[in-house]
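Hi,

Here is the structure I said I would pass on. Please open it first, then read my notes below.

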Amino acid sequence: MKEQVEKIKKEIDTYKAESQEKLEEYRLRFISKKGKLSTLFNELKNVPSEGKREMGQVLNELKNSAKAKFQQLIENLEEKENSFGTSSIDLTLPSSYYTLGSAHPITSTRNRIVSIFEKLGFNVSEGPEIEDDWHNFTALNFPPNHPAREMQDTFFIEKEPDITLRTHTSSVQVRVMENQKPPIRTLSPGRVFRNEAISARAHCVFHQVEGLYVDKNVSFVDLKQTLYYFAQEMFGKDTKIRYRPSYFPFTEPSAEIDISCNICKGDGCNICKYSGWVEIAGSGMVDPNVLANCNIDPEEYTGFAFGMGIERITMLKYQINDLRLFTENDIRFLKQFRTVSS
Ligand code: DAH
């Protein structure tokens, strides 16, 4: 039996495990329940009683060193797998790329609009999405029961006094004029809410940017030139602009602003419904009643205001034909804007 022990000891000492398979083979061969050591322990009962004690010690030592060797083999193998050069990692393979996130197209457009107007001296102001009737309607010259209120399908949160989700960012105009003295040049981007069925052309949550300029001697010419500058910066130098008379309670006179269709360059396509023009904003001279409601003297000051939909501008700029794409979070859609700077 002693010879057997010596043989196994030698085998253990010289054993090398260069792979997980070899390691497992070691375990099975020596230290598992059916391994060589177990067999030796089983044979202990055949050893004459005077030598049993000594043999038992020898076997225990062998068992301990076999286990220590197993531990050593595990460590050696781990070290080998982690070390460069000898490992199974192919260092010549190209590394995997980090996938960079990108700004949402609505965010990019909002930032682009803001940066264009910042060059003209406009700052950014924000107001609450939950508004009272005064800021959303009354101060903006919508008298109670005025039919224009019906045009904006309002979400009401509370009735009497009316608390609503703002239907437009024009409410921020009022807040700014109530709190600041002219000259005022401000841009108010934000979310607005209307009780509309969701379709390719309408959504119940969307984004607007409101612009407001109030000072002495502000005229319609300033409005025209400001929006002309914006259209060229946003859609390209050859963009033309036209004004169509319109009506808003808070501006007088009011006009809707169209730009020459940047897709067909005015030749006619289905985006511009073959007219060569697409609408981008509502605008006008701030109604004297609105100035007075905000404690600004309409005899001393005049102003212009405009409001545009950020989704609409984005759709025109990138030829997107369905508003719902902005909120579906489809990565295949969003990925396409990765290179758009924000
Ligand atoms: N608030 C209007 C809307 O939501 C947009 C608008 C039109 C804003 C004319 C203005 C403006 O400031 O002068 O439809």
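This is a predicted model. The protein has 13 helices and 10 strands.

Overall shape first. The C-alpha trace spans about 125 × 50 × 35 Å along the principal axes of the protein. The radius of gyration is 39 Å, whereas a compact globule of 342 residues would have one near 20 Å. Of the 342 residues, 42% are buried; the cut-off for that label is under 20% relative accessible area.

Next, a charged spot on the surface. Four residues gather there in a patch of negative charge: Glu-75, Glu-78, Glu-79 and Glu-81. Take Glu-79 from that patch. Helix α4, which covers residues 49–82, contains Glu-79. Is Glu-79 buried or exposed? Glu-79 counts as exposed, because its relative accessibility is 59% and the exposed class starts over 50%.

Then a loop position. Ser-275 sits in the loop between β8 (251–260) and β9 (277–286). Its relative accessible area is 40%, so Ser-275 is partly exposed. That class lies between the buried limit of 20% and the exposed limit of 50%.

One distance to go with it. How far apart are Ser-275 and Val-172 in space, C-alpha to C-alpha? The separation is 33 Å. In sequence, Ser-275 and Val-172 are 103 residues apart.

Best wishes

Terms used. Residues numbered from 1 in each chain as written. Predicted model: local features only at pLDDT ≥ 70, side-chain atom pairs only at ≥ 80, totals over all residues. Heavy atoms only, no water. Patch = residues over 30% accessible without salt bridge, like charges linked within 9 Å, V, L, I, M, F, W, Y side chains within 5 Å. Areas by Shrake-Rupley, 256 points an atom, 1.4 Å probe, with all protein chains shown as cover. Salt bridge = Lys/Arg side-chain N within 4 Å of Asp/Glu carboxyl O. Lys, Arg positive; Asp, Glu negative; His and termini not counted. Charge placed at Lys NZ, Arg CZ, Asp CG, Glu CD. Helix = DSSP H or I, 4+ residues; strand = E, 2+ residues; numbered from the N terminus. Buried < 20%, exposed > 50% of the residue type's maximum accessible area, 1.4 Å probe, protein only. Rg over C-alpha atoms; globule rule 2.2 N^0.38 Å.
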